[in-house]
Amino acid sequence: MTVDLAVARTRLADARAEATARVASLEDQHRAIVEGSRWTTDDDEHDPEGSTIAFERAAVASMLRDARQDLRDLDEAEGRVDAGTYGTCEKCGREIADARLDALPAARRCIECNALRR
Ligand SMILES: [Zn+2]
């Protein structure tokens with residue numbers, strides 16, 4: 001195994017800090033949209049801004065789900081570091097290229113298996 005686990009932990013910690021900040025920022029945006037829309041009106045049909053607010057709220061909620069999923073993926077990746085399986089493709093069992101782990105610390109498949117997507 002040539003994966004440097006200290007490097008892996010640092011990358012995962014950096015990615016976690018980024019994802020945590022992203023979740024916090026999106027939660028703030030979501031709250032602002034929800035509170036802002038409460039001060040205008042609940043009547044979407046007669047409010048020209050209503051549909052825009054609903055669209056923004058859905059877009060932020062979707063990004064928030066993605067950011068929370070990233071955090072879960074990072075949790076799992078940290079579990080794989082502890083288990084000694086980090087950096088090994090879950091599909092073919094070969095090593096995941098370091099450049100890929102650098103870009104995507106929570107990657108669970110090598111680039112070839114990921115391209116095949118099965
Ligand atoms: Zn693979």
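Q: What makes the largest pocket a pocket, and what is its volume?
A: The largest pocket has a volume of about 330 Å³, where a volume is the space filled by probe spheres set on the grid points. On a 1 Å grid over the protein atoms alone, a pocket is an open set of points where a 1.4 Å probe fits, with protein on both sides within 12 Å along at least five of seven lines. The model is predicted, and local features need pLDDT of at least 70. Side-chain values use heavy atoms, without hydrogens and water.

Q: Which residues line the largest pocket, and how do you know that they do?
A: Lining residues have an atom within 4 Å of a point. There are 17 of them, and D70, D73, L104, A106 and A107 lie nearest the centre.

Q: Which atoms coordinate the zinc ion, and why do they count as donors?
A: Donors are N, O and S atoms within 2.8 Å of the metal (3.2 Å for Na, K and Ca). The SG atoms of C89, C92, C110 and C113 coordinate the zinc ion at 2.3 Å, so they count as donors.

Q: Why is the site of the zinc ion called tetrahedral?
A: Four donors count as tetrahedral if all angles lie between 85 and 135 degrees. The angles among the 4 donor atoms are 104 to 116°, so the site is tetrahedral.

Terms used:
Residues are numbered from 1 along each chain as its sequence is written. This is a predicted model: local features need pLDDT of at least 70, side-chain atom pairs count only at pLDDT 80 or more; totals for chains, interfaces and linings use all residues. Four donors count as tetrahedral if all angles lie between 85 and 135 degrees; four count as square planar and six as octahedral if opposite donors are over 155 degrees apart and all others between 65 and 115; anything else is irregular.
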